[in-house]
Amino acid sequence: AAGLIEALHAEADRSSDLLAVALDAAHVEDAVNRGLRAAVPAIEGGHAIEDSLDNLREFHRKGVRLMTLTWNNSNGWADGCLPGPDDPRHGGLTDFGRRVIGEMERLGVIVDISHASPETFLDVDRTATKPFVASHSCAAAVSPHVRNLEDDQLRAIARHGGLVGICFASAFLTDEI
């Protein structure tokens, strides 16, 4: 992941007339006002921090401002929505997982629950003190995909001041196969 972040920064340097790396809302607004695309460095899958708050801090130092807690699989501190047969099962977040949420919030890294299990979502809802997001999830009421969110989850994100981004993969938008 660190190499990809460095590549993003290098590309933004090479294409400064097209792209800007945005580390906060003011950077996004500035890029848009200058007619540029704004790229917010993000990590999909909290396994990238390798169970280390120091690694999380290093990713933040390199510009990461959003991280999904899991991918479909589970990691050492949070359950994913589709854990593999050998994945750990925690029933949501572990104590370390709650520390990860706290450190993400302290650093200003947005907590993304896309790919998280319902139990992990519930623990984030109970733990988070700042807005959290589902950057690429959809509504279970539209399509009952395992990654889609129930109405109560959507309302919880809204209560926290977060947002839900739509995933345009057809399986998330329709139950037709």
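Predicted model: local features only at pLDDT ≥ 70, side-chain atom pairs only at ≥ 80, totals over all residues.

Reader: Where is histidine 115 found, and what is its phi?

Author: Histidine 115 is found in the loop between β5 and α5. Its phi is near 80°, which is a positive value in a residue other than glycine.

Reader: Which residue in the loop between β3 and α3 could I look at next?

Author: You could look at glutamate 50, which is placed in that loop between β3 (42–44) and α3. Glutamate 50 has a positive phi of about 55° although it is not a glycine, and with a relative accessible area of 61% it is exposed.

Reader: Let me switch to helix α4. How many residues does it have, and how far does it reach?

Author: Helix α4 covers residues 95–107, which makes 13 residues, and it reaches 18 Å from its first C-alpha to its last, close to the 18 Å expected at 1.5 Å a residue.

Reader: Which residues of α4 are buried, and what covers them?

Author: The buried residues of α4 are Gly97, Val100, Ile101, Glu103, Met104, Glu105 and Leu107. Their cover includes α3 (53–61), β4 (66–68), β5 (110–112) and α5 (118–127).

Reader: Why are aspartate 54 and arginine 57 separated by about one helical turn?

Author: They are three residues apart in helix α3, and therefore about one helical turn separates them. In general, an α-helix has 3.6 residues a turn, so residues three or four places apart point the same way. Aspartate 54 is exposed at 55% relative accessible area, while arginine 57 is partly exposed at 31%.

Reader: What about aspartate 123 and arginine 126 in helix α5?

Author: Their side chains meet in a salt bridge at 3.4 Å, N to O, and they too are three residues apart, which means a separation of about one helical turn. Aspartate 123 is buried, with a relative accessible area of 10%, whereas arginine 126 counts as exposed at 61%.

Reader: Which salt bridge ties together parts that are 34 residues apart in sequence?

Author: That is the salt bridge of aspartate 125 with arginine 159, where the closest N and O atoms are 3.8 Å apart. Aspartate 125 lies in helix α5 and arginine 159 in helix α6, so the pair ties together parts that are 34 residues apart in sequence.

Reader: One last topic: is asparagine 75 buried or exposed, and what does its side chain reach?

Author: Asparagine 75 counts as buried, at 6% relative accessibility, and its place is in the loop between β4 and α4. Its side chain reaches the backbone oxygen of leucine 69 at 2.8 Å.

Terms used: Residues numbered from 1 in each chain as written. Heavy atoms only, no water. Helix = DSSP H or I, 4+ residues; strand = E, 2+ residues; numbered from the N terminus. Expected span 1.5 Å × (residues − 1). Buried < 20%, exposed > 50% of the residue type's maximum accessible area, 1.4 Å probe, protein only. Contact = heavy atoms within 4.5 Å. Polar contact = N/O pair within 3.5 Å; in protein donor to acceptor, adjacent residues only side chain to side chain. Salt bridge = Lys/Arg side-chain N within 4 Å of Asp/Glu carboxyl O.
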